[in-house]
Each structure stands twice: as C-alpha cells, then as structure tokens.
Amino acid sequence: MQRSTFQSNQIYKAVANINLLTAKNMRFVCTFLLILILSACNKDTIIEETITPVVDPPRISVNGTISGFIYDLEDNPLSEVVVRCIDFETVSNEEGFFEFRDVDLYEDGTLIGLEKDDFFSTSYKVNIQSNQINYFKFNLMAESERRFFDSNNGVTHSFDQASVTLPSGSYQLENGDIYDGEIQVSARWIDPSNVLLRKAIPGDGIGYALSDQLIALESYSAFVIELFSSSGERLELPENMTAQFEIPIPELFSTTAPDNIKTWFYDTDNAIWIESQQVQRQQEKYVGEFSKVTYWACSAEREKVELKGIINRDNMPFVSARIRVSDRVSIFSEEKLTASDGSFQFDVPANKELVLEIFEDCNNASQSTPLGILTEDEDIGMLDFMDNGHMSSISGTARDCQGAILPNAFVKLDLNDRKYLSRTDQSGQYQLEFSECHLSDVNLCVINQAQGKISESLSIPVATIINMPDLSACSDYTYTLAIDYDGMDWRQSLENVAEHAWNVSTIQAASKKFVVNPRIFNPNNGDEYMSGAFVFEENASQAEFILNFHTQGFKIDGVCAVERNAIGEQEIFRFYNNTTNVKVTDGNVYPGNVTQVNLDLSYFN
C-alpha cells in the first residue's frame, strides 16, 4: 500500500491541523452522507466503500522520538521495511530497527505505515509521550503464495481453511483507472486464538462504529487479502461490486462465538477498524460479503476505557519493557513497549476481567498483575517489576578521608542507563540489589554531602555477590540536591531519608539533546516525592522541565538554568530555577499557598 499510505499521511496531517472542523462534526458529516448513500442503494450494497471518514484526527502536536522494531510473526527481525510517519520516511536495518529522532509528532495519535515486499502492508496509530523516546514493536505477516486468475472469470480462492469468492469484472487501480486482465491474489486467515497469528491483527483492537463511537473490539476470526495486477500494481474490487468470504471459527471460541456478529474492515488511512455489516454464523464458520481489499474481522464490540501507568525496575523507569493486557480467555490481547519514562497506555474493553503482564525478555522473566474489571478510564500509577531470579547484590563501607565511618552518606551506583543515590546506614555500610540483565560491569562511588567530598569511582565486573573494598570520600566537589517552597513538610526527609534515581538519554537530530528523568522517593515506605524530566540541547544554558510532586499534589514546569560541571572524569548536570508556575494536581494533599518553588538539583551523566 505504498502510494495510498503515503497519501493518507498527508491527508491525516492536514485534517489534524484543521481547527474549525472538530472531529465530532466530521463524524456527523460522514454519518449523514452514509445515510444518504444507504437510502439510494439496495440493501446488499456495503456503504463504507463510497466514503471513509477521517476518524478521531489528532490535535496535540509534540516533539518526541519514535524508536521501533519490526519482526515477522515468529519475532525474527525484518530489514528493508519501508516506514512512513507523517512527512518522514525511513527503512529498517538488519536488526529490524528504525527511528524518527526529535521530530514533530502527535501525542494523541501518530500514523505509522509499514510496507515490505512479500509481506502484507499495514499501519498503526501510536500515542506519543512528549520529549521522550517512545518504543514500539510491530509484526508483519508474510504473504501466501499468490494465485493467478482472469478478471473476466472471477475465482474462488481457498486458503488456510478459509475461502474468498472474487467477482468477474473490471477491477480498479489505486488511481481509479480500470484494469482488465490477469490478477494475482494473496490471502491468509488470521486465527485470533493463536498467539503468533494474532500479532498480525493491526489497530490495537479499536473500532469506529456507525453509531459515531470509538469502541473496543474482540475478534473471533479475521483474514487479510491483497490483489495485484500482472505488473504488481495494487487493485481494488470492481466498482459497486462485492466479494464473498468464508472463514473458520477457532476451536477455542467454538462455544463462545456469537451467532450474529459484525464485520469490520481495517482502514489503513486512519489505522482503525470501521464497522461494515452484520453476518451470521453457519456452523463453525462466518460467511459474508466484503467490498475492500484489506484486513477484515468478525468482532464483537465493547465500551472502550483507557488504561495507563508506569513500570519501574530497580526504582527506575523500566525502559522499553514489553507489556501485555489481556482477558483470561484469549479473546482480547494487546502488547506494547514502555516509553523512556516507563509509561504505557492501552485502550481496553470495559466490564471485563483483565490482567497485565510484564516481560523481561533477556532473562525470560515475567510478572502478572490482575487488573480486575475496569468500568472507566484508570491510571494504575506505578508498578514495580521484581526480577528476583536475576539479581546482583553489592555491599561495602563508606569512610571519610580520616578513615571514620560515614553514616547517611550517599552511594552512587551507575548501571549505564540507570543511576542511583542510595544511603549508608548508621554504621556507614550499604547493601544494594539490582537486576544484572544486560550489564557487564557497574560503577560506584561514595559522596559525603555534609563535607563536600567524593571518593574515586570504581568499575566492578557484575557478579551475583559483590563485596566492595572500603571507599573513602576525599576529593572536593560541589553537588546540590535542594528543593524549597512555603509549606514544604518533607524537607527533613529530603535531607536525611530520601533516595534518588535517574536516567539520562540522548536524542540525536539537527542538534544533540539530553533527557534527564529524575525520581526522588522514600525507600522505607515507597512514597514518591518527585518525578519528571529535564530536556536541553547539548550546548544550551537553559533546559525545559516538568516536575510532578506526587505526595504534595502539585506540579511545576517551565524553563530553568542548566550547567555542565566535571568532577574528575565524571560529568554533572546542574538544574536551578525559581518558578512560580505551580499547578495543583490533587487538592486532597496539596499543602496550599505554594506560590514559588526553588530548585537546585544535580545529576551525574
């Protein structure tokens, strides 16, 4: 679908920028036109082929990065996949990886089109976190062997226990021209009960009903079809004609598949399923008509709710974690990857028992969390991934330059993409645990914040148990971790109890950007005092920031000063500012009368 996907991206972007015509009005106009068409046609005509609405166009433009991985259904990486996103185009490398760095995207739905020779083309609409690296995984289904037939004769094409009957007539090229002659057909049945095959179903299970609603879909059977001319040009069915399909009902759904069900076609221009017509079950098959050459599904509809949250691992965002939300009978199942801040977002069916699973592919570990029955949009907050089977422990003693023990000193642990400031106990000792996945060595140093001293940083090979030599903080340094505002009731915790975690990522575009995601938390009770992001260009003196003070019920954002300082071979980012841009997020815990917040925070690169 090369040409149509590219054109649809242009239309998609143009529609998204129309301010005078709302999505609601657009859907009303489309629905009105559909009614007129229906009244002018006989009952067998499938109305959606005359006009396809632009469904729920995006409005919120943000800057961000898309990092994606493309695989076949068995998760083998696919190279040379053409990837299109708004005005941008790239090709996946040998690892199946592609990236759009530091570009203008849509927070509420960015269209991505995928195309590769000998694979079925498809598209996805993805939500974007501003100023974050957004990770996605896509799977493409290989085409079946193509069958040839003459357009003047039509054909019944059988495949995978399914079949399609294609009419005789003049088929249509994508530009609207008429085509007569030899036609190539490729089609595959998609069994939603099969863990591998269901990866081929695009659209995140979201449909647009003719009742003007976005709803969640539960697919019981599906298929995909593509038609080509003798020279490889894509074809559509003859004008005002339909084809017939017969697709089996998977054995797992034999007792639950409804007798009457709606068919839905996948609109690649909008990356969404569109309601078509009602069909009836005939024993263990669904039989009906179709009018578009694309993906089709027999799906039941449910009310849609939004589910979002954040996944942490080792007190840091679990970046690019694979998560799945599903029911307990395999009718609904969707997978996504977390963003660089650990966040995720799903549209899921309401009033259904759901479970969330988190996977650590490098260790083949997983964790399951029951979600229960959701009746409305829900933010489940933070979930900790506990990879207890693949943990390392590092311990030692912190001392000052005279050899005295250092109680309540900071211990900086650097795990490449994750960094921590933990505290020693009253005897100057520390014991830290972390996941060893993807790590060959770790770096550690001791900070005596009271005296402004720091130890050398040691690099240690990863082992299950690491016993460190005593570290003495003797070198001078300047390192600040200060927050102040009127009514601050956790100042003592910040100075004596709180621990810190952060990651530093880079976005390479016209200019290099740094993204620092800090977190301040209480290790004793799990309270998260603060989390957020600082974003700045490599040589900039200012950074954009947003910080959420969770236990205080407010957030701040704006621009702050940024300095890059060095302590030996270690680089530190210092962020400082006095801001009055305070926004209340939870009146139940907000201390009241917070008019200015003073920041002076430092984080190692």
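This is a predicted model: local features need pLDDT of at least 70, side-chain atom pairs count only at pLDDT 80 or more; totals for chains, interfaces and linings use all residues.
**Aromatic pairs and a buried glutamine**

The structure holds 29 aromatic pairs, and F223 and F290 make up one that is edge-to-face, with 5.4 Å from centre to centre and 70 degrees between the planes. Because F223 belongs to strand β15 (residues 213–229) and F290 to strand β20 (residues 285–290), this pair ties together parts that are 67 residues apart in sequence.

Another edge-to-face pair brings together Y485 and F554, at 5.2 Å centre to centre and with 90 degrees between the planes. Here, too, distant parts of the chain are linked: Y485 sits in the loop between β40 (481–484) and α3 (491–496), while F554 is in strand β45, 69 residues away. Both of these residues, Y485 and F554, are buried.

Y485 also turns up among the contacts of Q552, along with G487, D489, W490, V589, Y590 and P591, leaving aside residues up to four places away in sequence. Q552 itself is found in the loop between β44 (542–549) and β45 (554–567). With a relative accessible area of 3%, Q552 is buried. Its side chain makes a polar contact of 3.1 Å with the side chain of D489.

Elsewhere, F88, F98, F100, Y124, F136 and F138 come together as one aromatic cluster. Rings also meet charges: the charged end of K412 sits over the ring of F604, 4.8 Å from its centre, and that of R519 sits over the ring of F521, 4.6 Å from its centre.

Notes:
Residues are numbered from 1 along each chain as its sequence is written. Side-chain values use heavy atoms; hydrogens and water are left out. Helices (H or I, at least four residues) and strands (E, at least two) are DSSP runs, numbered from the N terminus. Buried means under 20% relative accessible area, exposed over 50%, partly exposed in between (1.4 Å probe, protein chains only). A polar contact is a pair of N or O atoms within 3.5 Å; within protein, one must be able to donate a hydrogen and the other to accept it, and residues adjacent in sequence count only if both atoms are side-chain atoms. Contact means heavy atoms within 4.5 Å. Rings of Phe, Tyr and Trp (its six-membered ring) pair if their centres lie within 6.5 Å; planes under 30 degrees apart count as stacked, over 60 as edge-to-face and the rest as tilted. A charge sits over a ring if NZ of Lys or CZ of Arg is within 6 Å of the ring centre and within 35 degrees of the ring normal.
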